Amino acid sequence: MLEINAVSRSFGDFVALNNVSLHIQAGEFFTLLGPSGCGKTTLLRLIAGFDQADSGQILLDGKPLCALPPEKRPVHTVFQSYALFPHMTVAENIAFPLRMAKMSKAEIAHRVTEVLNDVRLPDKAKHYPDALSGGQKQRIAIARALVNRPRLLLLDEPLSALDAKLREQMQIELINLQKEVGITFVYVTHDQGEALALSHRIAVMNKGEISQIDEPSVLYSYPDNRFVADFIGQCNILDAKVLSGNEQKVNIAIAGLGEIAATANPEITFKSGDNCALTLRPEKIRLAASLEAEPDEALFSGKVHDMLYLGDVTVYIIELANGVLIEAMLANDAPGRTRLFDTGDAVQIAWRIDAGHLVP
Amino acid sequence: MRYRLPGASTPATWFHKPVQTLINRAERLRNNLMALPPGLYLLLFFAAPSLMMLFASFRYPGEYGGLAPWYYVEDEQFSLDFTLENWLRLFESSIYLGLLFKSLGYALLTTLICTLMAYPLALMIARSNKRFRDLLLLLVILPFWSNFLVRIYAWMIIFSPQGALTIGLNHVTAALGIEPISLMFSSTAVITCLVYVHLPFMILPLYANLEKHDSRLLDAAQDLGANRFQCFWLITWPQSLPGIYAGAILVFIPSLGIFAIPDLLGGTNGIMIGNVIKQQFVESRDWPFGSVLSLVLTGITLLLVLLAAKLGRTAGTDNGK
């Protein structure tokens, strides 16, 4: 439905977007994820029409958008600052896009009531934005952007101003709202947890380029490169060299740890001598005082270097024989006040050879 | 605000209540004391002079200016000497009330023209690059660096019959076959100069207001389908109303009571109420009647300011401020 073809945009020497292409399907909840300065907001502004691309094309339903000013595009934005009009009531704010579309008074009243019910704030119609809480302002901003039923809704870090509890609640509401209205959402965030929780698909961006576009679970388990592995969730990244390998299995050497086997990445054929990295999620690592290696497991000894107690889990940073630090995670699910290890304790860790994912 | 006392968390410490009461009282006293200096100022420089004027307005003028004594003693009999004459004189002929309305008209017109001229300028300064803003504001207040009267004399030169402006204009009128015009000593000259003198007082509060506007609101409005005109009329304009009211008060009040400009540029046609008041006190030596005129002017001004303040406040709450 929305096609972005080879779009580039520079500000002076700074390349904000470099040859970015992506396709967004109708009805999709699509997220642009990346650190600040990665170009995600620039891309959003291009779609909304607040900025023009240096080169490339943006098509909506097959028609180019570039010639249309923002007010003529069937695209609405939910701003990070909410941007509610302070001199208008909630109802007047929501009615604004309908007035601009020259809808009849009766139709406007009907739609405003309807959308206020959708966001579960029917009694706030006559309030001014200043009298609302952060979460309520957010819902009104979304209601205002949705009321005119745009083809595309752009959301620019809409939850970043809310506290953690409220953010989670709003995430669930957003998912349900998107399902209900069926409008395509393009969501911009730097919060990987939010992106994983909300999206159908995520485009991870870095330095003006797209690193990977995939579903959240694929992105998490099978990152295409070190940046994606590192940016999304916690990840151990072990530098290695390819020794030998076939379609199923690759033998790699990790400096100081020796030779281990890993499952091949079906996308990439590694030749012996190639540099690669094994990405390994902390929760995939077994950790105990002493372990018996299963047939297809790699096993190492080390000692606890640091630990972070997080309540539900404890993260242990294990120092291996060669000085490499590996993060492992244990659920604190044993009864009572158990404390499994202390800093300096000798432990063993093990992981299945298909637990990690090889990236170039 | 209530202070948290040590031990306030433990229930009902015996000293808690009386101490809290003391603190509340001290706080109230402090708040009242804070209002004292401005109250004193108003009393000394507004209420007291006004009461003196009111007192004077019921007395007879002195023989050589000033006021006649407000009592006399005759045959050891003490009598007050007050009169309503001065107030009645206000209504005896239409001259004074007419002049008052004319002055109101001038001041209103000045305010209107100042608003129309100041708005685009203030908007331009507020939206210009931060680096140039201070310079542009400096240019706005630059005229204050030279004396008020000197600037009015400059306008006398501009408007004079031998001035380039008048000569140039009369070349045009001659070409069109209209009678030659004279700019000097006319209401046009008075209003032009009133606008010139008061323009910065409209620009500055308007700028202070516009500068605070959130430009992201305009992005949002455009995003939701508003064109440039609608963005201005529905978003910028309503939010700028408190700035306009503030500027209007600052322009309207001084231009209503001014006498120097009509004195120098108005001739007989451009005379305003301020001139008559000055005349009563200086040339006619009729202080009581001058007091009457002053009080009427002050009264009307106060009413209008209250009205503007009320409008400004409503617009202010609409703004959510």
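This is a predicted model: local features need pLDDT of at least 70, side-chain atom pairs count only at pLDDT 80 or more; totals for chains, interfaces and linings use all residues.

Colleague: How many salt bridges does the structure hold over all chains?

Modeller: The total is 19.

Colleague: Let's take A:Arg139. Which residue does A:Arg139 form a salt bridge with?

Modeller: The partner is A:Glu173, with the closest N and O atoms 2.9 Å apart. A:Arg139 sits in helix H4 (residues 134-146) of chain A and A:Glu173 in helix H5 (residues 164-181) of chain A, so the bridge ties together parts 34 residues apart in sequence.

Colleague: Are A:Arg139 and A:Glu173 buried or exposed?

Modeller: Both A:Arg139 and A:Glu173 are buried.

Colleague: And A:Asp239? What does A:Asp239 pair with?

Modeller: A:Asp239 bridges to A:Arg226, and their closest N and O atoms are 2.5 Å apart. This pair links distant parts of the chain, 13 residues apart: A:Asp239 is in strand E11 (residues 236-245) of chain A, and A:Arg226 is in helix H8 (residues 226-231) of chain A. A:Arg226 has a relative accessible area of 31%, so it counts as partly exposed.

Colleague: Which residues of chain A are linked in a network of salt bridges?

Modeller: A:Arg9, A:Asp51 and A:Asp54 are linked that way.

Colleague: Over to chain B. Which residue forms a salt bridge with B:Asp214?

Modeller: That is B:Arg216, at 3.1 Å between the closest N and O atoms. B:Asp214 is partly exposed because its relative accessibility is 28%. B:Arg216 is partly exposed too, at 43%.

Colleague: Now the interface. How many salt bridges does the rule find across chain B and chain A?

Modeller: It finds 0. There are 3 residue pairs in polar contact between chain B and chain A, counting pairs with both residues at pLDDT 80 or more.

Colleague: Which helices of chain B each supply at least two residues to the side that touches chain A?

Modeller: Helix H9 (215-223) and helix H10 (228-257) of chain B. H9(B) gives the largest share of that side, 7 residues. By type, the side of chain B that touches chain A divides into 8 nonpolar, 7 polar and 4 charged residues.

Colleague: How many residues does the contact take from each chain?

Modeller: 19 from chain B and 24 from chain A.

Colleague: What area is buried between chain B and chain A?

Modeller: About 2,000 Å², and carbon and sulfur atoms give 61% of it. In chain B, the residues that lose the most area to chain A are B:Asp223, B:Leu224 and B:Leu234, together 35% of what that side buries.

Colleague: New topic, B:Arg89. Where is B:Arg89 found?

Modeller: In helix H3 (residues 85-92) of chain B. B:Arg89 is partly exposed because its relative accessible area is 27%.

Colleague: What is B:Arg89 in contact with, leaving aside neighbours within four places in sequence?

Modeller: B:Tyr96, B:Gln280, B:Asp286 and B:Phe289. With B:Asp286 there is a side-chain to side-chain polar contact at 2.7 Å. B:Phe289 is 200 residues from B:Arg89 in sequence, but 8.0 Å away in space, C-alpha to C-alpha.

Colleague: Last one, cysteines. How many disulfides does the structure hold over all chains?

Modeller: The count is 0. A:Cys66 is partly exposed, with a relative accessible area of 29%.

Colleague: Is B:Cys231 buried or exposed?

Modeller: B:Cys231 has 9% relative accessibility, so it counts as buried.

How values were computed. Residues are numbered from 1 along each chain as its sequence is written. Chains are lettered from A and ligands numbered from 1 in the order in which they are written. Side-chain values use heavy atoms; hydrogens and water are left out. Contact means heavy atoms within 4.5 Å. Buried area is the accessible area (1.4 Å probe) that two parts lose on being put together, summed over both. A salt bridge is a side-chain nitrogen of Lys or Arg within 4 Å of a carboxyl oxygen of Asp or Glu. A polar contact is a pair of N or O atoms within 3.5 Å; within protein, one must be able to donate a hydrogen and the other to accept it, and residues adjacent in sequence count only if both atoms are side-chain atoms. Helices (H or I, at least four residues) and strands (E, at least two) are DSSP runs, numbered from the N terminus. Ala, Val, Leu, Ile, Met, Phe, Trp, Tyr, Cys and Pro count as nonpolar, Asp, Glu, Lys and Arg as charged, and the others, Gly among them, as polar. Buried means under 20% relative accessible area, exposed over 50%, partly exposed in between (1.4 Å probe, protein chains only). A disulfide is a pair of cysteine sulfur atoms within 2.5 Å.
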